Amino acid sequence: MGSVLVNKLGKIEINKHVLAQLTYQAAMESYGLVGFSSKSKGIVELLKGENATKGVNIIELSEALIDIEIFVILQYGTNITTVANNIIERIKYTVETYSGIKINQITVSVQGIRVK
(Lines give C-alpha, C1' and ligand atoms only; values in the text may rest on other atoms or scores of the structure.)
Protein backbone atom coordinates (compact mmCIF):
# COMPACT_ATOMS: atom_id res chain seq x y z
CA MET A 1 0.00 0.00 0.00
CA GLY A 2 1.15 3.54 -0.56
CA SER A 3 0.45 7.09 0.48
CA VAL A 4 -2.52 8.84 -1.08
CA LEU A 5 -2.46 12.47 -2.14
CA VAL A 6 -5.81 14.10 -2.83
CA ASN A 7 -6.12 17.52 -4.46
CA LYS A 8 -8.58 19.40 -6.66
CA LEU A 9 -7.39 17.50 -9.75
CA GLY A 10 -7.94 14.02 -8.31
CA LYS A 11 -6.43 11.26 -6.23
CA ILE A 12 -2.88 9.92 -6.62
CA GLU A 13 -1.49 6.86 -4.84
CA ILE A 14 2.28 6.81 -4.39
CA ASN A 15 3.89 3.47 -3.57
CA LYS A 16 6.38 3.19 -0.69
CA HIS A 17 9.01 1.94 -3.13
CA VAL A 18 8.77 5.18 -5.13
CA LEU A 19 9.22 7.23 -1.95
CA ALA A 20 12.19 5.06 -0.97
CA GLN A 21 13.79 5.61 -4.41
CA LEU A 22 13.32 9.39 -4.10
CA THR A 23 14.88 9.25 -0.63
CA TYR A 24 17.83 7.20 -1.86
CA GLN A 25 18.56 9.46 -4.83
CA ALA A 26 18.34 12.63 -2.73
CA ALA A 27 20.58 11.28 0.02
CA MET A 28 23.26 9.95 -2.36
CA GLU A 29 23.91 13.53 -3.54
CA SER A 30 25.19 14.44 -0.06
CA TYR A 31 28.91 14.84 0.54
CA GLY A 32 30.32 12.34 3.04
CA LEU A 33 27.74 9.62 2.43
CA VAL A 34 29.33 6.39 1.21
CA GLY A 35 26.24 4.22 1.01
CA PHE A 36 23.32 2.62 2.76
CA SER A 37 23.20 -0.34 5.11
CA SER A 38 20.22 -2.48 5.95
CA LYS A 39 19.01 -2.61 9.53
CA SER A 40 19.41 -6.36 9.58
CA LYS A 41 21.13 -8.62 7.10
CA GLY A 42 18.49 -9.96 4.76
CA ILE A 43 18.65 -12.54 2.01
CA VAL A 44 19.32 -9.88 -0.64
CA GLU A 45 22.38 -8.59 1.21
CA LEU A 46 23.65 -12.10 1.90
CA LEU A 47 23.49 -12.89 -1.82
CA LYS A 48 25.36 -9.65 -2.60
CA GLY A 49 22.33 -8.30 -4.45
CA GLU A 50 22.13 -4.58 -5.08
CA ASN A 51 18.98 -2.88 -3.89
CA ALA A 52 18.93 0.90 -3.89
CA THR A 53 16.38 1.08 -1.09
CA LYS A 54 17.74 -1.51 1.32
CA GLY A 55 18.59 1.11 3.96
CA VAL A 56 15.39 3.13 3.69
CA ASN A 57 12.29 2.52 5.79
CA ILE A 58 9.09 4.44 5.00
CA ILE A 59 6.49 4.57 7.78
CA GLU A 60 3.00 5.81 6.88
CA LEU A 61 1.39 7.89 9.62
CA SER A 62 -1.63 8.91 7.57
CA GLU A 63 -2.56 9.18 3.90
CA ALA A 64 -0.40 12.27 3.29
CA LEU A 65 2.14 12.14 6.16
CA ILE A 66 5.15 9.85 6.50
CA ASP A 67 8.22 9.19 8.64
CA ILE A 68 11.49 8.19 6.98
CA GLU A 69 14.20 6.14 8.66
CA ILE A 70 17.53 5.60 6.89
CA PHE A 71 20.62 3.57 7.78
CA VAL A 72 23.82 5.00 6.33
CA ILE A 73 27.57 4.48 6.13
CA LEU A 74 29.62 7.68 6.23
CA GLN A 75 33.12 8.55 5.07
CA TYR A 76 35.88 8.78 7.68
CA GLY A 77 36.86 12.35 8.54
CA THR A 78 33.50 13.98 7.89
CA ASN A 79 31.46 15.68 10.58
CA ILE A 80 28.57 13.33 11.34
CA THR A 81 26.20 16.10 12.43
CA THR A 82 26.84 18.19 9.33
CA VAL A 83 26.43 15.24 6.95
CA ALA A 84 23.25 14.06 8.71
CA ASN A 85 21.69 17.54 8.60
CA ASN A 86 22.58 17.86 4.91
CA ILE A 87 21.00 14.46 4.17
CA ILE A 88 17.84 15.42 6.09
CA GLU A 89 17.46 18.73 4.24
CA ARG A 90 17.95 17.12 0.80
CA ILE A 91 15.52 14.29 1.50
CA LYS A 92 12.84 16.61 2.92
CA TYR A 93 13.08 19.02 -0.03
CA THR A 94 13.17 16.32 -2.72
CA VAL A 95 10.42 14.04 -1.40
CA GLU A 96 8.02 16.86 -0.52
CA THR A 97 8.62 18.66 -3.83
CA TYR A 98 8.25 15.66 -6.12
CA SER A 99 5.54 13.72 -4.29
CA GLY A 100 3.57 16.39 -2.43
CA ILE A 101 3.54 14.19 0.68
CA LYS A 102 4.61 15.87 3.93
CA ILE A 103 7.36 14.38 6.06
CA ASN A 104 6.84 14.36 9.81
CA GLN A 105 10.30 13.11 10.81
CA ILE A 106 13.50 11.85 9.23
CA THR A 107 15.79 9.63 11.31
CA VAL A 108 19.38 9.08 10.18
CA SER A 109 21.09 6.12 11.84
CA VAL A 110 24.83 5.84 11.22
CA GLN A 111 25.65 2.14 10.88
CA GLY A 112 29.34 2.54 10.14
CA ILE A 113 32.29 4.63 9.01
CA ARG A 114 34.29 3.66 5.93
CA VAL A 115 38.00 4.44 5.78
CA LYS A 116 39.45 4.81 2.30
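These notebook entries record what I looked up in the predicted model shown above.

**Basis of the entries**

I worked from a predicted model, in which local features need pLDDT of at least 70 and side-chain atom pairs count only at pLDDT 80 or more, while totals for chains, interfaces and linings use all residues. Residues are numbered from 1 along each chain as its sequence is written, and side-chain values use heavy atoms, with hydrogens and water left out.

**Entry 1: helix 1**

I took helices (H or I, at least four residues) and strands (E, at least two) as DSSP runs, numbered from the N terminus. I then checked the length of helix 1: at 1.5 Å a residue its 13 residues should span 18 Å, and the end C-alpha atoms are 18 Å apart, which agrees. The expected span is 1.5 Å times one less than the number of residues.

Next I looked up burial, where buried means under 20% relative accessible area, exposed over 50%, and partly exposed in between (1.4 Å probe, protein chains only). I found Leu19, Ala20, Thr23, Ala26 and Ala27 buried in helix 1. Seen down the helix axis, these residues fall within an arc of 130°, so they line one face of helix 1. The arc is that of the directions from the helix axis to the C-beta atoms.

I followed Thr23, which is found in helix 1 (residues 16-28). Thr23 counts as buried because its relative accessibility is 0%. Setting aside residues up to four places away in sequence, I noted that Thr23 touches Val56, Ile58, Ile68, Ile70, Ile91 and Val95; contact means heavy atoms within 4.5 Å.

**Entry 2: helix 3**

I repeated the length check on helix 3: its 20 residues should span 28 Å at 1.5 Å a residue, and the end C-alpha atoms are 28 Å apart, in agreement. I listed its buried residues as Val83, Ala84, Ile87, Ile91, Thr94, Val95 and Ser99. These cover an arc of only 110° around the axis, which puts them on the same side of helix 3. On the other side of helix 3, I found Thr81, Thr82, Glu89 and Tyr93 exposed.

**Entry 3: salt bridges**

I searched the whole structure and found two salt bridges, each defined as a side-chain nitrogen of Lys or Arg within 4 Å of a carboxyl oxygen of Asp or Glu. In one, the side chains of Glu29 and Arg90 meet at 3.3 Å, N to O. Glu29 lies in the loop between helix 1 and strand 3 (33-36) and Arg90 in helix 3, so this pair ties together parts that are 61 residues apart in sequence. Glu29 is exposed at 54% relative accessibility, whereas Arg90 is partly exposed at 30%.

I also recorded the salt bridge of Lys92 with Glu96, whose closest N and O atoms are 3.0 Å apart. Because they are four residues apart in helix 3, Lys92 and Glu96 are separated by about one helical turn.

**Entry 4: Asp67**

I placed Asp67 in strand 5 and noted that it is buried, with a relative accessible area of 13%. Asp67 and Asn104 are 37 residues apart in sequence, yet 5.5 Å apart in space, C-alpha to C-alpha. Leaving aside neighbours within four places in sequence, I found Asp67 in contact with Asn57, Ile58, Ile59, Leu61, Asn104 and Gln105.

**Entry 5: Tyr76**

I located Tyr76 in the loop between strand 5 (65-75) and helix 3 (80-99). Tyr76 counts as exposed at 60% relative accessibility.
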